[in-house]
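I opened my notebook beside the structure viewer. These entries record what I looked up, topic by topic.

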Amino acid sequence: MQGIEASQGRGQASLWRLFPWSLIGLGLSLVWLVLVIGPLHGHALEPLLSSLGRIPLLLMATALAMRRSLASTGRTRWSLVLISLALLAIAAGEALWAAEYLRVQARPGLGAWDAFYLGYFPLLLGGLLLLPRTFSSRSDLAKFLLDAAIVVVGGGMFIWHYGLAPMMSETGAPTGLAHLIDIAYPIGDLLTLVGLATVLLRLPEGEARRSYLLLGLALVASLVGDLIWVLFDPQQAPWSDLVARGCWFGQSLLFLAAAESTLRRGTPVRARALPKASLGVLPYVALVAGYGLVAWSAATDRFVSLRQLLVWASVMTVAVVLRQAIASRENALLLRDRARIAGESRLSKLIENAADGILVLASDQQILYASPPAQRMLATAGTGLVGRSMRSLLVADDAEALSLKLVQLDRASGSRMGKLMLRLQTPTGIVLAETTVTDQRADPDLAGIVLNIRDVTAHQALEDQLRHDALHEPLTQLPGRELFLDRVTRGLAMMGNGVDHLAVAVLEIDQFRLINDSLGHESGDQLLVMCSDRLKRQKRESDTLARLNDTGFAVLLEAQGDAGQFAPRVERLMSAFATPFVLGPNSLRVSCSLGFAVARADTSSAAELLRNADTALNTARADGGGGYRLFAPEQHTQVMERLSLQAFIPEAIEQGKFVLHLQPVVGLVDGYPIALRPRVNWREPESAPFPMERLRDAVRQHEIGMQLGEWILDHAQREFANVIRYQSGSGHLSLLIAISGQHLRHPGLLDRVQQLLQRLGLAAVNLHLSITEDSLAESPDLALTALRRLRSIGVRLALAEFGGRASSLASLHENLFDTLVLSSQLVRALSPSSRASALVRGVIALGEGLGTRVIAAGVDVELHRDLLAELGCLYGMGDALAPPMPVEHLLPWLGGRLAAAL
């Protein structure tokens, strides 16, 4: 606040330093205003105070203007002298009027003061007319004079109508000197109007502009005061006298401000050529006002005054017409000159800086003219091209092509233009030029053959590169999907005509995601390049190898004779993965899954054949990977059934065909429950349209899983709330809910979880959310961000299906997961001497090292429970431990287990 006050204080000090006299004048004006509307309102001294109050303002303005004139020369000095004398005349008139008012104690009539008042008008007009101005042309001067005439006539119509005409038409009006003086004041206002037009229609640029504006406002105040004095009778409108004197007081103050601004801001005027900064709207205002007065007189039936006003309006109309004629003529000339100059300059610059080069040839193909771009294109300087033969610049074949094109143009009827591609020989190499040939030999201005040449070498190279990039995969440089489908389409068209059988094989690397996540993307890219090289060596020369997606390749196989030869060739492709891949310091064995489809007589398109191969690939991967499958029609039937199942699920949810049970997660040794996991089943299993396992496969990684997951979440929270409410001692139980990748990518997941905790009255640590690792890999950044937010509110996280085919250690780099859930596939593979036992032991040791709990899923037989307990696994879930149960069965089961633990 102190800084702001100090800044304001400095601003006020600066304003006082720059404009002290204007501020003093403003103070005097405020004192006068307070007195005349306050204690002296209606008093006999009020007119005297108004006259005497103006005198100091006028004298200060006179002194400042005379001081500025001493520092000026020429027209400026005489202009300021006359303006100073005009102000001094008003001051003298006010002094004489005030003296007479004191003597007679009443408003005096005519006297010597009127001579001073009237002397103000010609002196001021002379000073304003002497202000220096510069006009760019005679038309510029004429426009200024016509604009001034419009303003004067438009304003003069009001002065005539309300001032001069009534005086001259009154019967019994005074004659002689008094009558002339009464008429002289409106004429003086006309002179003021001329001065106002002179000032405002040619405002200068720079600092002097403010002085001009203040001077113009002073004249406006003077005119308004005089008009109010004439229009209103002080006896009938007492306020008019105060308002008129206020305008005259404002006139004096504005004169003072203009004089001080001129003194403080340098030269009083800066000459300028263009009236761009002038008040160009002023003539239009005067025009509208004048015609408005004519319309008003006609509407009020003042026909005598109307005839007089129409004369004024006619003069104003003539001025407007002349002004518009001059402006139109000037604009036309200006536009024509600008267009001509711009056209010449544009043409020259376009030719000089154009991308296209221009060559003019004689009939014998000798170069007559070469534009600068043509010289740059052909790497020659100066006039090195002029005089040379065009044939010497062209490749031999293109020289003949140009000659043939010229012959065609010469013989063609009505066609004098053609296009062709030419290869030009330059010192820097061959330039490919798109050339337009125009025969202008009949044109006397050109008399030659015009070649417009455009260098398209880089463009053509870019097109070739873009075409290659669009059809080939950038990492391995193998054909992409579009090019591969094109070749399959061609192969299908050739079946029976050189090709007996056609097959498409689609291959994917099984462990690619694991390698990519564990060793990094560079290793993943290196693996793809190595696979590409090996597959190239294993395929035949006639086969087409392509890369279809991030992890997949495709091979187009052609065969003559027996279609049974495709199987050995597919096995040969699989053999590309028989030996380990060396990725830096790592030597890895990598397997692949392959599906292939043989084209049949009813195969309609390449897309259908590729789709069939993809279906066979999915079958091979579903069987565990590492092998190949041949497409069979029933595989497509299975895919369609899967789609049918996905479409059936929303209907089943709506009709209430699902039921949700809770399955306990218990200790393998003591059977003590630690958590409950929701499990979905058919409400009427005996009439279910398909097994529940097929349902889970159908919704996996599909958007319908999001809808089913929401249903599970809603019912799970209700069932779990019933368990907590009705079973004492169950407050330690956690709710283990599986969520999918779609849930993690959903922006409202965090709010949904917080609502769930609030409804259950459950601590965040008692909620376990499990997510599979393959779901994390779909959108790693989004998934990890969502998991971090869940972990920040205290929710526990479990990594599900750990130990399955998609498992890696990449997801354990961050300390996010509290629990590892062993894959049910790994658990079912357990036997006393199996590799699965060693894997489970390793996962348990890993969990202990990371401080995470390990839960075994799919413990459906007693043998697996005993083996897991021997390996050190503490917790599990499955039918051998506790089946999924409805709440009415779960509550007594929990009661017995919890009571046994006491």
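This is a predicted model: local features need pLDDT of at least 70, side-chain atom pairs count only at pLDDT 80 or more; totals for chains, interfaces and linings use all residues.

**Backbone angles**

I stayed with Glu801 for its backbone. It has a positive phi of about 55 degrees, although it is not a glycine. I placed Glu801 in strand β17, residues 796-802. Most residues other than glycine have a negative phi, so I noted the angle. Gln365 also went into the entry, with a positive phi of about 70 degrees, and it is not a glycine either. I found Gln365 in the loop between β1 (356-361) and β2 (367-370). Gln365 is buried, at a relative accessible area of 6%.

**Nonpolar cores**

Next I looked up the cores. The largest nonpolar core has 69 residues. Which residues have the most contacts inside it? I wrote down Phe658, Val723, Leu767, Leu769, Leu822 and Leu868. Helix α22, residues 704-726, gives the most to this core, with eight residues. I then noted a second, separate core of 36 residues. Met60, Ala61, Leu214 and Ala259 are among its members.

Leu26, Leu30, Leu33 and Ile37 make a nonpolar patch of about 350 Å². I checked Leu30 in particular. Leu30 sits in helix α2, residues 20-37. Its relative accessibility is 48%, so I logged Leu30 as partly exposed.

**Rings and charges**

I counted three aromatic pairs in the structure. One of them joins Phe577 and Phe581, with ring centres 5.8 Å apart. Their planes stand at 50 degrees, so I recorded the pair as tilted.

The charged end of Arg534 sits over the ring of Phe581, 3.7 Å from its centre. I found another such case at Tyr875, where the charged end of Arg853 sits over the ring, 5.1 Å from its centre.

**Salt bridges**

My count came to nine salt bridges. I opened the one between Arg752 and Asp714 first. Their side chains meet at 2.4 Å, N to O. Why does this pair tie together separate parts of the sequence? Arg752 lies in helix α24 (residues 749-760) and Asp714 in helix α22, so the bridge links parts that are 38 residues apart in sequence. Arg752 counts as buried at 15% relative accessibility, whereas Asp714 counts as partly exposed at 29%.

I then followed Arg865. It forms a salt bridge with Glu862, the closest N and O atoms being 2.5 Å apart. Both residues lie in helix α29 (residues 862-871), three residues apart, about one turn of the helix. Arg865 also forms a salt bridge with Asp866, at 3.5 Å between the closest N and O atoms. Shared partners join Glu862, Arg865 and Asp866 into one salt-bridge network.

How values were computed. Residues are numbered from 1 along each chain as its sequence is written. Side-chain values use heavy atoms; hydrogens and water are left out. A nonpolar core is a set of buried Ala, Val, Leu, Ile, Met, Phe, Trp, Tyr and Cys residues joined through side-chain atoms within 4.5 Å. Buried means under 20% relative accessible area, exposed over 50%, partly exposed in between (1.4 Å probe, protein chains only). Helices (H or I, at least four residues) and strands (E, at least two) are DSSP runs, numbered from the N terminus. Patches are made of residues with over 30% relative accessible area and no salt bridge: like charges are joined within 9 Å, nonpolar side chains (Val, Leu, Ile, Met, Phe, Trp, Tyr) within 5 Å. Accessible areas come from the Shrake-Rupley method with a 1.4 Å probe; for residues, only the protein chains shown count as cover. A salt bridge is a side-chain nitrogen of Lys or Arg within 4 Å of a carboxyl oxygen of Asp or Glu. Rings of Phe, Tyr and Trp (its six-membered ring) pair if their centres lie within 6.5 Å; planes under 30 degrees apart count as stacked, over 60 as edge-to-face and the rest as tilted. A charge sits over a ring if NZ of Lys or CZ of Arg is within 6 Å of the ring centre and within 35 degrees of the ring normal.
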